[in-house]
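Me: I'm new to reading protein models and I'd like to go through one with you. Can I ask where the labels come from as we go?

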Amino acid sequence: MPVRDATPDDVEDICQLIEEHARYEGKDDLVLDRGDMAKHLFGPEPKAWVVIAEADTGADVDDAAGERVTAGMALCAWTFPSWDAKPGVFLDDLFVKPEFRRYGLGRELMAELGRRTSGRVEWDMQVGNAKAEAFYGSLGGKPVEGWVKYRWLPDRR
């Protein structure tokens, strides 16, 4: 399955995939600002990057006789864990449309992230997402023991 870097022409597809992922996770009201997304992914100082998985619209994803469509994506940012002293990848969002699952697209997206770093690939997963847990486990992914996730939203008044 073709996996490629996203381009500015992919902003609408990226936003639609993220919004569909939010609905899949029970957040039905997410609507992203396409201009902000374009600026943060492709502007003069990008804050993140996206890898796109494409599939064929034919009856069988392996069939080469159809139109290529965006079937999934991985939205990432670089990290630099000081104790490793190697750049790593933080996977913020991995989503493959349900009709394109079970063809190896998620696995190929993850493999591409692994090829892009000599360090680690890390992500967060919603508690209770058994399908995601099984998928990541099949890749050898494991929960990080002994660490607690924190979030700080600075007051911007």
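This is a predicted model: local features need pLDDT of at least 70, side-chain atom pairs count only at pLDDT 80 or more; totals for chains, interfaces and linings use all residues.

Me: Okay, which residues of α3 meet which residues of α4?

Reply: On the α3 side you have G106, R107 and M110, and they meet F135, Y136 and S138 in α4. Sorted by type, the residues of this contact are 3 nonpolar, 2 polar and 1 charged.

Me: How are two packed helices described?

Reply: You give the angle between their axes and the distance between the axes. Here, α3 covers residues 105-115 and α4 covers residues 130-138, and they pack at about 55 degrees with their axes 11 Å apart.

Me: Now H21. What makes it count as buried?

Reply: Buried means under 20% relative accessible area. H21 has 16% relative accessibility, so it counts as buried. You'll find H21 in helix α1, which runs over residues 11-24. Leaving aside neighbours within four places in sequence, H21 is in contact with D93, L94 and F95.

Me: And why is G140 called partly exposed?

Reply: G140 comes out at 45%, so partly exposed is the label. G140 lies in the segment after α4. From G140 to D92 there are 48 residues in sequence and 18 Å in space, C-alpha to C-alpha.

Me: Zooming out, what does the secondary structure come to?

Reply: The protein has 4 helices and 5 strands. Along the sequence, the pattern reads β-α-α-β-β-β-α-β-α.

Me: How do you know that the protein is as compact as a globular protein of that length?

Reply: For 157 residues the globule rule gives 15 Å, and the radius of gyration of the protein is 16 Å, which is close, so the protein is as compact as a globular protein of that length. The C-alpha trace spans about 50 × 40 × 30 Å along its principal axes.

Me: What share of the residues is buried?

Reply: Buried residues make up 31% of the 157. And among contacts between residues at least 6 apart in sequence, 58% join residues at least 24 apart.

Notes. Residues are numbered from 1 along each chain as its sequence is written. Side-chain values use heavy atoms; hydrogens and water are left out. Helices (H or I, at least four residues) and strands (E, at least two) are DSSP runs, numbered from the N terminus. Buried means under 20% relative accessible area, exposed over 50%, partly exposed in between (1.4 Å probe, protein chains only). Contact means heavy atoms within 4.5 Å. Axes are lines fitted to C-alpha atoms, for helices over the stretch in contact, and angles run from 0 to 180 degrees between N-to-C directions. Ala, Val, Leu, Ile, Met, Phe, Trp, Tyr, Cys and Pro count as nonpolar, Asp, Glu, Lys and Arg as charged, and the others, Gly among them, as polar. The radius of gyration is taken over C-alpha atoms; the globule rule is 2.2 Å times the number of residues to the power 0.38.
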